[in-house]
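Me: I would like to go through the labels on this model one by one. Tell me what stands behind each of them.

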Amino acid sequence: SFRFCVGISHWRVPRIGHVRLTQPTLLLCFVQVGPSVVAIGVRQANGESAGSGVLFTPDGYLLTNAHVVGNVPVIAATLTNGRKLNGRVVGVDTQTDLAVVRVDGTGLPYAVLGDSDHVRVGQLAIAIGNPLGFQSTVTAGVVSALGRTLRGTSGRLMENIIQADVALNPGNSGGPLVASNGQIVGINTAIIAGAQNLSFAVPSNTAKWVVSELLQVGRVRRASLGAFCHVGHSIESSHQRIPLETWNQGSA
């Protein structure tokens, strides 16, 4: 295992093969998180689709995008070592474009969901995924902006989105955005077609909340505010006649 510290002088220098690392690098981030990233294959009525996902527990729970799994109940996952696993969809939240899947297996490699509130603009980051079928591909960049708003596949706005300049392509969806401390800070979800170096990820703190809801109750509970009235009779008073009108104020 590797230990990350703020002070370089207190950081243990690891060896990867014949390469001796003298400082924390993005290579170390990939070595730590890469084995937990899986290639996801989904067979749908109109054909097959593919994406990425990341294991966050050793007993087979993984995160991916809702648009990757679609409406199918089962998926196929492939580890970086070529091992193939069957999985079932535990829950989907289209409003955040996240899904939780449980694959068969124990003792699986997994990564840590970090605290996305600690992410800073300009921080180094890497994206790991399977773009266009090229398994376990890494791209590097920086966090470009925080607090972006995107309209998800459900039509609702997704807030607090992380913008980065890591290169993403079809197939990267559902893979992790990893900060320079080796922890997942986002789940890659979207790019802007025709643009360069504009990628977007759902923050890990949002993902942790969604995971908790899906595992506990099978759906994400959201509060709504609304008031409803039906047509009533007029009220007679000694001074004036007051009609009650129908009104309806729905939730946002």
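Reply: Start with a turn. This is a predicted model. In the hairpin of β7 and β8, four residues sit between the strands, and Asp 97 has a positive phi near 55°.

Me: What makes β7 and β8 a strand pair?

Reply: Pairing needs at least two bridges. β7 and β8 (residues 98–103) have six, in the antiparallel sense. Therefore they count as paired. One of the bridges joins Val 92 to Ala 99 in β8.

Me: How do you know that β6 and β7 pair?

Reply: The rule is again at least two bridges. β6 (residues 74–78) and β7 (residues 84–93) share five, so they pair, in the antiparallel sense. Val 74 stands opposite Arg 88 in β7. β6 and β7 also form a hairpin, with five residues between them. Gly 82 in that turn has a positive phi of about 90°.

Me: Why is Val 178 called buried?

Reply: The cut-off is under 20% relative accessible area. Val 178 has 0%, so it is buried. Val 178 belongs to strand β12 (residues 176–179). Beyond its neighbours within four places in sequence, its contacts include Cys 29, Val 33, Leu 124 and Ile 184.

Me: Why is the aromatic pair of Phe 56 and Tyr 61 called tilted?

Reply: Ring centres must lie within 6.5 Å, and these are 6.4 Å apart, so the rings pair. Planes under 30 degrees apart would be stacked, and over 60 edge-to-face. Here the angle is 35°, so the pair is tilted. The count comes to one aromatic pair. Both Phe 56 and Tyr 61 are buried.

Conventions. Residues are numbered from 1 along each chain as its sequence is written. This is a predicted model: local features need pLDDT of at least 70, side-chain atom pairs count only at pLDDT 80 or more; totals for chains, interfaces and linings use all residues. Side-chain values use heavy atoms; hydrogens and water are left out. Helices (H or I, at least four residues) and strands (E, at least two) are DSSP runs, numbered from the N terminus. Buried means under 20% relative accessible area, exposed over 50%, partly exposed in between (1.4 Å probe, protein chains only). Contact means heavy atoms within 4.5 Å. Rings of Phe, Tyr and Trp (its six-membered ring) pair if their centres lie within 6.5 Å; planes under 30 degrees apart count as stacked, over 60 as edge-to-face and the rest as tilted.
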